[in-house]
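Biologist: Please take a close look at the aromatic rings in this model. Then follow one of them into its surroundings, step by step.

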Amino acid sequence: MKHVTIKDIAQSLHISVSTVSRALTDDKNIRRETREAVLREAERLGYRRNPVALNLKTGRTNTIGVIVPEMHTPYASQVVAGIQSILFSNNQKVVMAESDEDHEREGEHLKMMEDFMVDGLIVSICSYKHNVDTYRRLAKEGMAIVFYDRIPHGMEDMAQVLVDDNNDAFFMTEHLIRLGRQRIAYLYGPDNVYNTMERGRGYREAMEKFRLYDPQLIIKTGMTFADGAAAVDRLVEQGDTLAIGAMNRLRELGRRVPEDVAVAGFSGTELSTIVFPQLTTVEPPLMEMGRCAAELVLEKVRNPEAENRKVVLRTAMKYRGSTGE
């Protein structure tokens, strides 16, 4: 379908393209009769303004790009809802992309966002080791960038919104120990996710504090329901989605939760409350995380010289039936 342009309007009215352009932008130097004639003809022909072209005059597209590792869990959807609530209320368009935990795809999305000339980026990266140079270059060239939840290695100076994974993992582990649990396994997620390392550090510090640390209780795994089930199988052989997958597999193997094995997770959502027993979790304020990231990126768009702020949000410990509470 052919798009109507200001040239088409000009030809139809036998006036110049510049006159049509000024009339459409309400230039005070255009006569009222001419402006009204242009608007009538534009409506008759079905003309639509090109917002990108108009905004390029100001150097902005009023568009923010959002890149997330995945879109299918409540964790991601709640953060995105928080982001959109702020951006939409500030008349910003949103371009969404999912990396699917693939750093190469994330790199392709970064190129797309650059081609779309977004004013800013909100990103939860899939690997803290990759695409760092691209983020550095984009920031140097003036793009406002805010990381949430996951941050790239060596970019702690960039604007970011996160929780204290190390501290929260320490206190959850300590809580389990004080409940009388002594052999506490940690399902260690992918090495390229920095959160995994921080939570592992908190777990180890708590276990060492009570002289209970055993490296055989650290099980490397992925981040899905199936990964949680497989991790349990490896634990048995030795002697959130991930935690729920583990809990389901324990029941399949005849282990009672929490009588035989207590289970606690991180990054809990409503999924934690629709399983039985309900899952004990460390729960970040996901909507607030999204809103805060959106506010930071708008702050940087409006004032590129604004400080790159780091916002650490407080989590909530939700003690439920999976740990006998």
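Modeller: Y186, Y188 and Y203 form one aromatic cluster. Rings of Phe, Tyr and Trp (its six-membered ring) count as a pair if their centres lie within 6.5 Å; planes under 30 degrees apart are called stacked, over 60 edge-to-face, and the rest tilted. Both Y186 and Y188 are buried, where buried stands for under 20% relative accessible area, exposed for over 50%, and partly exposed for values in between (1.4 Å probe, protein chains only).

The model is predicted, so local features need pLDDT of at least 70 and side-chain atom pairs count only at pLDDT 80 or more, while totals for chains, interfaces and linings use all residues. Residues are numbered from 1 along each chain as its sequence is written, and side-chain values use heavy atoms, with hydrogens and water left out.

Across the whole structure, 5 aromatic pairs are found. One of them is edge-to-face: Y135 and F147 have their centres 5.0 Å apart, with 80° between the planes. Y135 belongs to helix α7 (residues 132–140) and F147 to strand β4, so this pair ties together parts that are 12 residues apart in sequence. Helices (H or I, at least four residues) and strands (E, at least two) are DSSP runs, numbered from the N terminus. Y135 is buried, at a relative accessible area of 0%, and F147 is buried with a relative accessible area of 0%.

F147 is the ring to follow. In a regular strand, side chains alternate between the two faces of the sheet. In β4, I145 and F147 point one way, A144, V146 and Y148 the other way, and all are buried. Accordingly, 5 of the 5 residues of β4 are buried. The strand runs parallel to β3, to which 4 bridges join it; two strands pair if DSSP finds at least two bridges between them. Opposite F147 stands V123.

A nonpolar core is a set of buried Ala, Val, Leu, Ile, Met, Phe, Trp, Tyr and Cys residues joined through side-chain atoms within 4.5 Å. The largest such core has 27 residues, of which I83, L87, I122, Y148, V161, M289 and V297 touch the most other members. Two or more residues each come from β1, α5, β4, β5, α12 and β10. The most come from α12, which gives 9. I122 is in contact (heavy atoms within 4.5 Å) with residues including I64, I83, L87, V146, Y148, A293 and V297, leaving aside neighbours within four places in sequence. Another core, of 19 residues, lies apart from this one, with A97, L110, I125 and M155 among its members.

Last comes helix α12. Its 17 residues (286–302) reach 25 Å from first C-alpha to last, close to the 24 Å expected; the expected span is 1.5 Å times one less than the number of residues. Buried residues of α12 include L286, M289, A293, A294, V297 and V301. Among the elements covering the buried residues of α12 are β3 (120–123) and β4 (144–148), the strand of F147.
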